[in-house]
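Here's a walk through this fold, strand by strand and helix by helix. Have the model open while you read.

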Amino acid sequence: VGTYLDTGARMSKRAAVSVRKNRVEMEALPHQCTKEMCEDIIKDTDEDAEEEFPQPIPWQKIEAEGLDCDYSLLFSKVEADRIFYQLEDEVEYFTGDEAKVQVFGKLHSVPRQQATYGDEGLMYSFSGVHLLARPWTPTLEYVRDAVTNVTGQTFNFVLINRYKDGLDHIGEHRDDERELDTTCPIASVSFGAARDFIFRHSDVRGGQKKRKIKPVKLELAHGSLLLMNPPTNTYWYHSLPVRKKVKIPRINLTFRRIVQGHKSTIKRE
């Protein structure tokens with residue numbers, strides 16, 4: 001759990017224990033919590049004293065040629081559980097044609113649920129579909145502000161991907177759109193099932209592999225934060241592959257800073 005294969009980096013003992021505990025206890029999460037379940041859980045956790053993750057959080061550096069990432073557990077188990085259920089209650093995912101992509105002139109469903117939130121007027125566009133960001137929810141603002149607190153970076157947009165189980169996935173892509181502020185990292189926050197996250201260098205993709213560069217494989221834990229710093233998305237593709245043994249959902253929030261006046265043109269398979 002939490003192993004960075006290419007770099008040989010290891011979590012601190014405390015962080016590793018937290019990740020294993022999170023993974024086991026999250027097995028009890030339902031595929032979709034009802035509103036009543038969410039309200040009961042939120043009420044129970046609110047009655048307890050808030051658990052603050054110690055500051056500064058213990059970062060783990062992940063590096064390779066052209067790859068620069070930082071990883072840590074941002075939220076405690078109790079708080080991550082609460083946020084998961086609040087997101088299940090608050091987030092409205094796209095349906096119908098908005099939940100599809102256009103490939104060679106035909107619409108196809110994506111193998112996950114998606115939603116976009118952010119500052120007023122920001123647009124999310126991909127594969128012929130144009131989606132206006134919905135206003136921030138209280139929980140999304142809370143997570144966004146927590147990320148800002150530990151990174152010093154500000155974000156005005158978030159893409160949400162919900163994977164109902166291990167069959168839902170996302171193909172290889174780079175977050176390198178021209179509308180994104182190139183000085184700002186992409187902040188990926190995960191809740192729910194721990195899933196493999198794989199980086200692959202652009203020089204080893206396609207039929208003609210130019211170089212021998214090993215992929216970098218991570219496992220993103222419940223309540224974790226992965227910062228993809230520049231120039232990572234210039235040289236490395238990333239994906240969340242199918243994992244048939246995973247039976248519970250995962251919600252991923254990727255916070256970005258879009259340059260005002262532009263609209264996002266992110267392409268995803």
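Let's start at one residue: Ile248 is buried, with a relative accessible area of 7%. Buried here means under 20% relative accessible area, exposed means over 50%, and partly exposed is in between, using a 1.4 Å probe and protein chains only. Ile248 sits in the loop between β14 (236-240) and β15. Its C-alpha lies 6.5 Å from that of Lys164, although the two residues are 84 apart in sequence.

A word on the ground rules. This is a predicted model, in which local features need pLDDT of at least 70 and side-chain atom pairs count only at pLDDT 80 or more, while totals for chains, interfaces and linings use all residues. Residues are numbered from 1 along each chain as its sequence is written, and side-chain values use heavy atoms, with hydrogens and water left out.

**The overall picture**

The protein has 5 helices and 15 strands. Helices (H or I, at least four residues) and strands (E, at least two) are DSSP runs, numbered from the N terminus. Of the 269 residues, 52% are buried. Among contacts with a separation of 6 or more, 79% are between residues 24 or more positions apart, where contact means heavy atoms within 4.5 Å.

**The seven-stranded sheet**

An open sheet of 7 strands runs in the order β1-β2-β13-β10-β15-β8-β5, with antiparallel pairing. Two strands pair if DSSP finds at least two bridges between them. At the edges are β1 (60-64) and β5, each pairing on one side only. From one strand to the next, the twist averages 20 degrees; axes are lines fitted to C-alpha atoms (for helices, over the stretch in contact), and angles run from 0 to 180 degrees between N-to-C directions.

| Strands | Bridges | Facing residues |
|---|---|---|
| β2 and β13 | 6 bridges | Tyr71 and Leu226 |
| β8 and β15 | 7 bridges | Tyr163 and Arg250 |
| β10 and β15 | 6 bridges | Ser188 and Thr254 |

How many residues of β15 are buried? The count is 7 of its 7. In a regular strand the side chains alternate between the two faces of the sheet. In β15, Arg250, Asn252, Thr254 and Arg256 are buried on one side, and Ile251, Leu253 and Phe255 are buried on the other.

Helix α4 lies across β5, β8, β10, β13 and β15, and runs at about 60 degrees to β15.

The two helices also meet each other. Helix α3 (residues 77-90) and helix α4 (residues 138-151) pack at an angle of about 140 degrees, with their axes 9 Å apart. That makes α3 oblique to α4, since angles under 35 degrees count as roughly parallel, over 145 as roughly antiparallel, 65 to 115 as roughly perpendicular and the rest as oblique. On the α3 side the contact uses Glu79, Arg82, Ile83, Gln86, Leu87 and Glu90, and on the α4 side Pro138, Thr139, Leu140, Tyr142 and Val143.

**The nonpolar cores**

In soluble globular proteins, nonpolar side chains tend to be buried together. A nonpolar core here is a set of buried Ala, Val, Leu, Ile, Met, Phe, Trp, Tyr and Cys residues joined through side-chain atoms within 4.5 Å. The largest one has 30 residues, and those touching the most other members are Phe75, Val143, Val147, Ile160, Phe191, Leu253 and Phe255. Elements giving it two or more residues include α3, α4 and β15. Leaving out residues up to four places away in sequence, Val147 touches Leu74, Gly152, Phe155, Ala187, Val189, Leu225 and Phe255. A second, separate core has 29 residues, including Ile62, Cys69, Ile186 and Leu218.

**The four-stranded sheet**

An open sheet of 4 strands has the order β9-β14-β11-β12, again with antiparallel pairing. Its edge strands are β9 (170-173) and β12 (216-220). Strand β11 (residues 195-201) pairs with β12 over 5 bridges; Phe199 has Val216 as its bridge partner, and Ile198 stands opposite Lys217. Of the 5 residues in β12, 4 are buried.

One last thing to check is the peptide bond from Pro230 to Pro231, which is cis, with omega near 5 degrees. Pro231 lies in the loop between β13 and α5 (232-235).
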